[in-house]
Amino acid sequence: MNLNLSSMSQLASSFSVSAETTNGNAPASLQGASIAADGTLSFNYSNGASVAAYDIPLANAQSPDNLSAVNGNAYTANAASGPIFVGSAGDSGFGSIESSSLESSTVDIATELTDMIQAQSAYEANSKVFQTGADILDVLNNLKP
């Protein structure tokens, strides 16, 4: 390897700092992460700094009901569902992200369980009525004139 430094030059003056500014933060530990409504995932530090790290994409299809289920609670596009469109939260055709919220169910489990037990009892009673009717029909068929 040959290195030619003959065409390099230097200024003939001494070095000195003319202005200084700080552009960093003191060391801090990661306190957690937060997700904004537009899908931006940010890391929050103990010194109050927050650094945006990632944008969470959302996807939509022309016919979401026709997507094909694959392993891992995921779905894939097919001819019936149409293509997948990817975008950001808040864009046209996409929803928003509700961070740190829990979707509550509108189903009252106690009421649903009670209704199921009542339906099962009614089904059992009806099946006994049909069985009794079938037994009576068998007796009538077996009577000799």
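The chain's secondary structure amounts to 1 helix and 7 strands. Helices (H or I, at least four residues) and strands (E, at least two) are DSSP runs, numbered from the N terminus. Read from the N terminus, the order is β-β-β-β-β-β-β-α. The chain is more spread out than a compact globule, because its radius of gyration is 36 Å, well over the 15 Å from the globule rule for 145 residues. That radius is taken over C-alpha atoms, and the rule is 2.2 Å times the number of residues to the power 0.38.

This is a predicted model: local features need pLDDT of at least 70, side-chain atom pairs count only at pLDDT 80 or more, and totals for chains, interfaces and linings use all residues. Residues are numbered from 1 along each chain as its sequence is written, and side-chain values use heavy atoms, with hydrogens and water left out.

**Overall dimensions**

The C-alpha trace spans about 135 × 40 × 35 Å along its principal axes. Of the 145 residues, 8% are buried. Buried means under 20% relative accessible area, exposed over 50%, and partly exposed in between (1.4 Å probe, protein chains only). The accessible surface is about 12,600 Å², and carbon and sulfur atoms hold 55% of it. Areas come from the Shrake-Rupley method with a 1.4 Å probe; for residues, only the protein chains shown count as cover. Among contacts with a separation of 6 or more, 26% join residues 24 or more positions apart. Contact means heavy atoms within 4.5 Å.

| Residue | Relative accessibility | State |
|---|---|---|
| Ser81 | 0% | buried |
| Gln62 | 58% | exposed |
| Leu3 | 66% | exposed |

Ser81 sits in the loop between β6 (74-76) and β7 (84-88). Not counting residues up to four places away in sequence, Ser81 touches Ala61, Gln62, Ser63, Asn66 and Leu67.

Gln62 belongs to the loop between β4 (57-61) and β5 (68-70). Beyond its neighbours within four places in sequence, Gln62 contacts Ser81, Gly82, Pro83 and Phe85. Ser92 lies 30 residues from Gln62 along the chain, and their C-alpha atoms are 14 Å apart.

Leu3 is in the segment before β1 (30-35). With Met1, Leu5 and Met8, Leu3 forms a nonpolar surface patch of about 590 Å² accessible area together. Patches are made of residues with over 30% relative accessible area and no salt bridge: like charges are joined within 9 Å, nonpolar side chains (Val, Leu, Ile, Met, Phe, Trp, Tyr) within 5 Å. A salt bridge is a side-chain nitrogen of Lys or Arg within 4 Å of a carboxyl oxygen of Asp or Glu.
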